[in-house]
Amino acid sequence: TTTATTTTEAFDCVIVCGLGKFDFLPPKHPAKELLSMMKVNPGLETWLVELESWDEERFGKTNSIVFGERTTNFGTRKGLPYDSRPYALSKDYADSNIVGCIAYPDDKLNKEEKEKLMREELKLELGASVKRVIGFRRFHWPVHVPPEAEKKDFFDKLHKLQGQRQLYFVGEAFSSAGVQACIDWIEEFMPWHFPMHNIAPSAK
């Protein structure tokens, strides 16, 4: 509907896939308080290095490894420390000693200090020396729900808002990061909010 001063559009439903100003929401809509809790975290530091050697007997020709005691907190709400020490490594090619590793950054350290920690950690965990550094890059995760918001029942509150006035929230920002997390979440979301018996036969 369009008048001389405004334009109004009608939708069957609105599906939110990320963050924005959400000007279409009323000022005191409960979703605004929840969405204000979301953050962009410091991201990850990624290293691409060539090793002097690779122990195939211990680790195989290719492998993805989460280091030592850090596996205790990997993938949990407690998370891993932001100390610039690599916590995981991937070797993708059998005919190469080039590996990639990742760390949560400590921004109090400069690049030289971070490289020293990286070399120490690979020596400690793999017994391997770094022959050369090929690349170093900071990678930022998208907007996510931080642990302090989880402790305030963010996901339970969001679940209760789903579908109110035909408004839905989907995507990695709301389901937690990673392909598998999105798949697991959407498999619950779809039958809960859009059961197949409510969908016209032609749309199935």
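The questions below concern a predicted model.

Q: How is the chain built up from helices and strands?
A: The chain holds seven helices and seven strands. From the N terminus on, these run β-α-β-α-β-β-β-α-β-α-α-β-α-α. Of the 204 residues, 31% are buried.

Q: Why does the end-to-end distance of helix H3 agree with its number of residues?
A: Helix H3 covers residues 111-126, which is 16 residues.

Q: What places the buried residues of H3 on the same side of the helix?
A: The buried residues of H3 are Lys114, Leu117, Met118, Glu121, Leu122 and Leu126. They cover an arc of only 130° around the axis, and therefore lie on the same side of H3. Glu112, Lys116 and Leu124, on the other side, are exposed. The buried residues pack against several elements, among them strand S2 (44-51), helix H2 (56-59) and strand S6 (130-139).

Q: What is found at the two ends of H3?
A: At the start of H3, a side-chain oxygen of asparagine 110 comes to within 3.1 Å of the backbone nitrogen of glutamate 112. Just after H3, glycine 127 has a positive phi of about 70°.

Q: Why is the pair of phenylalanine 154 and phenylalanine 155 called edge-to-face?
A: The ring centres of phenylalanine 154 and phenylalanine 155 are 5.3 Å apart, within the 6.5 Å limit for a pair. Their planes stand at 80°, which is over 60 degrees, so the pair is edge-to-face.

Q: Are the two phenylalanines of this pair buried or partly exposed?
A: Phenylalanine 154 has 0% relative accessibility, which is under 20%, so phenylalanine 154 counts as buried. Phenylalanine 155, at 27%, falls between 20% and 50% and therefore counts as partly exposed.

Q: What makes the pair of tyrosine 82 and tyrosine 104 tilted?
A: The angle between the planes is 50°, with the rings 5.0 Å centre to centre. Tyrosine 82 lies in the loop between S3 and S4 and tyrosine 104 in the loop between S5 and H3, 22 residues apart. Tyr82, Tyr87 and Tyr104 form one aromatic cluster.

Q: Why does tyrosine 104 count as buried?
A: Tyrosine 104 has 18% relative accessibility, which is under 20%, so tyrosine 104 counts as buried.

Q: Which residues have the most contacts inside the largest nonpolar core?
A: Met38, Phe154, Phe169 and Phe174 have the most contacts inside this core of 17 residues. The elements that give two or more residues to the core are helix H1 (30-35), helix H5 (154-161), strand S7 (167-169) and helix H6 (172-175). A second, separate core has 15 residues, including Cys101, Leu122, Leu126 and Val130.

Note on methods: Residues numbered from 1 in each chain as written. Heavy atoms only, no water. Core = buried A, V, L, I, M, F, W, Y, C linked by side-chain atoms within 4.5 Å. Buried < 20%, exposed > 50% of the residue type's maximum accessible area, 1.4 Å probe, protein only. Helix = DSSP H or I, 4+ residues; strand = E, 2+ residues; numbered from the N terminus. Expected span 1.5 Å × (residues − 1). Arc of directions from axis to C-beta. Contact = heavy atoms within 4.5 Å. Polar contact = N/O pair within 3.5 Å; in protein donor to acceptor, adjacent residues only side chain to side chain. Phe/Tyr/Trp six-rings, centres within 6.5 Å; stacked < 30°, edge-to-face > 60°.
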